[in-house]
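Here is a short briefing to read alongside the model. Let's look at its pockets, its ligand and a few backbone details.

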Amino acid sequence: MYNLLILAGDGIGPEVMEEVKEVISWFKDKRNLNFSVTEDLVGGIAYDNYGTPLHDKTLKLAFDTDAILLGAAGAPKYDDLPFEVKPERGLLKLRKELDLYANLRPAMCFDALAEFSSLKKDIVSGLDLMIVRELTSGVYFGDPRGIMDDNEGGRVGINTQRYTTSEIRRVARSAFELARKRNNRVCSMEKANVMESGVLWREEVQWVGDNEYPDVELSHMYADAGAMQLVRNPKQFDVIVTDNLFGDILSDAAAMLTGSLGMLPSASLGDNSPKGLPRALYEPVHGSAPDITGQAKANPCACILSFAMALKYSFGLLEEADLLARAVEQALANGVRTPDLLQIEGKNPATTSEMGKEVINCLNDLS
Ligand code: IPM
Ligand code: MN
């Protein structure tokens, strides 16, 4: 029995999650996989209903489940809320409390979509890289933080970039482990030329490489140069490991290389629970997309592919994960596409549920 907690959240989150539920049902019916699904609220919708973006009872469910599937958190109507109750805090609290320190953000370019990249087709076709972003520390969480009076009549805003040896080493290990299953190369990114935390980052990643993964090729780049290389020649990378803030920025850039944010999944992993499965949260990279909410335009593929990552990383169901990824690829190749992927003359865009249904059709065809 595999326990899933679905937190569809805000914006297009519930719309794309509906399609994931269909996919879950398909695996239950056709593959005899025993999924038990619980649902609750996170983000703005949780604030509206519970007065907090992450209720304690939801956090308890999160600790008790095997894997969390999250849609999105945030919407413009919550912009003026105080920081502690903004929808995003729900997401950040889940990451922090469950200690989901390794955020895996793959950037793959599907053949059917290479023409949608803002880069030339030959630079991105066949692209397959993995960004491992540290997710529970760094400037997102460091103290001191806040906005205070500077005692000269003005104010000062403070955030603190802070990393410890163990925080750096554990996320480095996640990156090296992944590299061993891929093309055996890790590139670590920081700003060791200006930040002490960057110097420590570089030294500790090197230490893990030298002592534990001498078989994996390790290189280092300053994050700004890394950003430049990502758009110049992205295929040079296999696994990139970087801190929370640089990872946030670099992963958005890497995502766009592939043609659409609407295609990219992510996994946030921690250490194993008492049951022996990793603490894990899976979510699409695209966010709540207020501009298209409620219009049946959202692309469900990123959320569906996030479930494929859950099959793989939480439950070790490699064959099923691969089948689902191939079904998404086939659906696109069949020309069924939501508006974010449609630049073909004379074709009508698919709605969110039409896209989802085509993935189910392809699952049936491929199995
Ligand atoms: C992301 C998002 C989040 C982040 C926000 C919504 C808190 O941008 O997951 O990349 O900054 O980590
Ligand atoms: Mn982001």
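How do the residues of the lining of the second largest pocket divide into nonpolar, polar and charged? There are 14 nonpolar, 5 polar and 11 charged residues in that lining. Here Ala, Val, Leu, Ile, Met, Phe, Trp, Tyr, Cys and Pro count as nonpolar, Asp, Glu, Lys and Arg as charged, and the others, Gly among them, as polar.

This is a predicted model, in which local features need pLDDT of at least 70 and side-chain atom pairs count only at pLDDT 80 or more, while totals for chains, interfaces and linings use all residues. Residues are numbered from 1 along each chain as its sequence is written, chains are lettered from A and ligands numbered from 1 in the order in which they are written, and side-chain values use heavy atoms, with hydrogens and water left out.

**The second largest pocket**

- A pocket is defined on a 1 Å grid over the protein atoms alone, as an open set of points where a 1.4 Å probe fits, with protein on both sides within 12 Å along at least five of seven lines; lining residues have an atom within 4 Å of a point.
- Its lining has 30 residues, and those nearest its centre are Ala73, Glu88, Leu91, Arg95 and Asp248.
- Two or more lining residues come from each of β3 (67-72), α4 (87-97), α9 (244-257) and β12 (278-284), where helices (H or I, at least four residues) and strands (E, at least two) are DSSP runs, numbered from the N terminus.
- Helix α4 provides the largest share of this lining, 6 residues.

**Ligand 1**

- The second largest pocket is where ligand 1 sits, meaning that more than half of its atoms lie within 2 Å of the pocket's grid points.
- Around ligand 1 are Glu88, Arg95, Arg105, Arg133, Tyr140 and Asp248, each with a heavy atom within 4 Å of the ligand.
- By class, this shell has 1 nonpolar, no polar and 5 charged residues.
- Oxygen atoms of ligand 1 make polar contacts (N or O pairs within 3.5 Å) with side chains: 2.7 Å to Arg95, 2.8 Å to Arg133 and 2.9 Å to Asp248.
- The protein covers 73% of the 320 Å² of accessible area that ligand 1 has on its own, by the Shrake-Rupley method with a 1.4 Å probe.

**The largest pocket**

- The largest pocket has a volume of about 1100 Å³.
- Of its 34 lining residues, Met130, Leu178, Met309, Lys312 and Tyr313 are nearest the centre.
- Helix α11 gives the most to this lining, with 6 residues.
- The lining holds 20 nonpolar, 4 polar and 10 charged residues.

**Backbone details**

- Most residues other than glycine have a negative phi, and most peptide bonds are trans.
- Asp143 and Pro144 are joined by a cis peptide bond, with omega about 0°, and Pro144 is in strand β6 (residues 142-149).
- Asp99, in the loop between α4 and β4, has a positive phi near 55°.

Definitions and conventions:
A polar contact is a pair of N or O atoms within 3.5 Å; within protein, one must be able to donate a hydrogen and the other to accept it, and residues adjacent in sequence count only if both atoms are side-chain atoms. Grid points are joined across faces, edges and corners, and a volume is the space filled by probe spheres set on the points.
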